[in-house]
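Work through these exercises with the structure open. Try each task before reading its solution.

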Amino acid sequence: MTAETPLTLSDAEQQRRRDWFRRHWETNLPFNRLCRISVRRWTPDGIELVARYSDELSAHPGIFHGGVLSTLVDTAGCGAVMAGHDFTRGSRISTAAMSVQYLAVARGEDIVATARATKRGRTVQVATVEVTGASSGRTLATGQVTATIEGERPGLLGPLPGDRKSTRLNSSH
C-alpha cells in the first residue's frame, strides 16, 4: 500500500475551483433554482446569496416559508466555506449540522443571506449566516452551519449550464 501524494494547486487553480463552485451554486443545483437563489457576492472572506420572493415559496400569503430561510442558511453557509476553501483538502462538501434561529417573519420581500467561514479545519468547517430582508434590512434569521469536506466531488471543473460548448473547463494537471 502506498501513501497518496498530497495535491498541490497554484493560486490560479484554487481560484478556478472557487469560481466553478460559484457558478455551480447558481446554475447547476435544481433546488437552488427552485428557491430562486442567486449569488450576489462570492469572495474568500464571505458570500451573499439572494432568494427572490415568490408566492410558490410562501407559508401564508405574502410570507416566505421558514424552510426557504433555513435552505438559504444551509446553502450560504456551505457556499462561504467553498468560496475560501483550500482545495488541496478535497472538494466534496456535506452539511454535518445546522442551527437556525428565526427572529422575524419574511413579509413578501426578497431575502439576503450573508455568510462567512468562522472555522477552517482539516475536514470540519463552520460558517455563520445572517438572513435579512432585502428592502427592509430587518434581521429575519441567524444560523450556523457545520460542514465536512472529504474526497473529490465528481464532475469538478466540468461544464455547467450556460457554458459555451466549445469551451471545456477540464484540463489535465
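**Exercise 1. The sheet**

In what order do the six strands of the open sheet stand, and is the pairing parallel or antiparallel?

Solution. Keep in mind that this is a predicted model.

Step 1: read off the order, which is β1-β2-β6-β7-β8-β5. The pairing is antiparallel.

Step 2: look at the edges. These are β1 and β5 (93-102). Each has a single partner strand, so one side of each lacks a neighbour in the sheet.

Step 3: take the twist. From one strand to the next, the average is 20°.

Step 4: examine one pairing. Strands β2 (residues 46-51) and β6 (residues 111-120) run antiparallel and are joined by five bridges. Alanine 51 has isoleucine 111 as its bridge partner in β6.

**Exercise 2. The salt bridges**

Find how many salt bridges the structure holds, then describe the setting of each.

Solution. Step 1: count. There are two salt bridges.

Step 1: take the pair in helix α1 (residues 11-27), where arginine 22 and glutamate 26 both lie. They are four residues apart, about one turn of the helix. The closest N and O atoms of arginine 22 and glutamate 26 are 3.8 Å apart. That falls within the 4 Å cut-off.

Step 2: Arginine 22 is partly exposed, at 26% relative accessible area. Glutamate 26 is also partly exposed, at 24%.

Step 3: turn to glutamate 48 and arginine 40. The closest N and O atoms of this salt bridge are 3.6 Å apart. Glutamate 48 has a relative accessible area of 19% and is buried, because buried means under 20%. Arginine 40 is partly exposed, at 49%.

**Exercise 3. Serine 38 and its surroundings**

Which residues does serine 38 contact, apart from its neighbours within four places in sequence?

Solution. Serine 38 sits in strand β1 (residues 37-43).

Step 1: list the contacts. They are Glu26, Glu48, Leu49 and Val50.

Step 2: Serine 38 is partly exposed, with 26% relative accessibility.

Step 3: take a distance across the chain. Serine 38 and threonine 132 are 94 residues apart in sequence. Their C-alpha atoms are separated by 15 Å.

**Exercise 4. The cysteines**

How many disulfides does the structure hold?

Solution. Step 1: state the count, which is zero.

Step 1: check the sulfur distance. For cysteine 35, the nearest cysteine sulfur is that of cysteine 78, 14 Å away.

Step 2: check burial. Cysteine 35 is buried, at 3% relative accessibility. Cysteine 78 is buried as well, at 6%.

**Exercise 5. Positive phi**

Locate arginine 36 and leucine 157, two residues other than glycine with positive phi.

Solution. Step 1: start with arginine 36. Its phi is near 60°. Arginine 36 lies in the loop between α2 (30-34) and β1, and is partly exposed at 27% relative accessible area.

Step 1: go on to leucine 157. Its phi is about 75°. Leucine 157 belongs to the segment after β8 (139-149). At 5% relative accessibility, leucine 157 is buried.

How values were computed
Residues are numbered from 1 along each chain as its sequence is written. This is a predicted model: local features need pLDDT of at least 70, side-chain atom pairs count only at pLDDT 80 or more; totals for chains, interfaces and linings use all residues. Side-chain values use heavy atoms; hydrogens and water are left out. A disulfide is a pair of cysteine sulfur atoms within 2.5 Å. Buried means under 20% relative accessible area, exposed over 50%, partly exposed in between (1.4 Å probe, protein chains only). A salt bridge is a side-chain nitrogen of Lys or Arg within 4 Å of a carboxyl oxygen of Asp or Glu. Helices (H or I, at least four residues) and strands (E, at least two) are DSSP runs, numbered from the N terminus. Contact means heavy atoms within 4.5 Å. Two strands pair if DSSP finds at least two bridges between them. Axes are lines fitted to C-alpha atoms, for helices over the stretch in contact, and angles run from 0 to 180 degrees between N-to-C directions.
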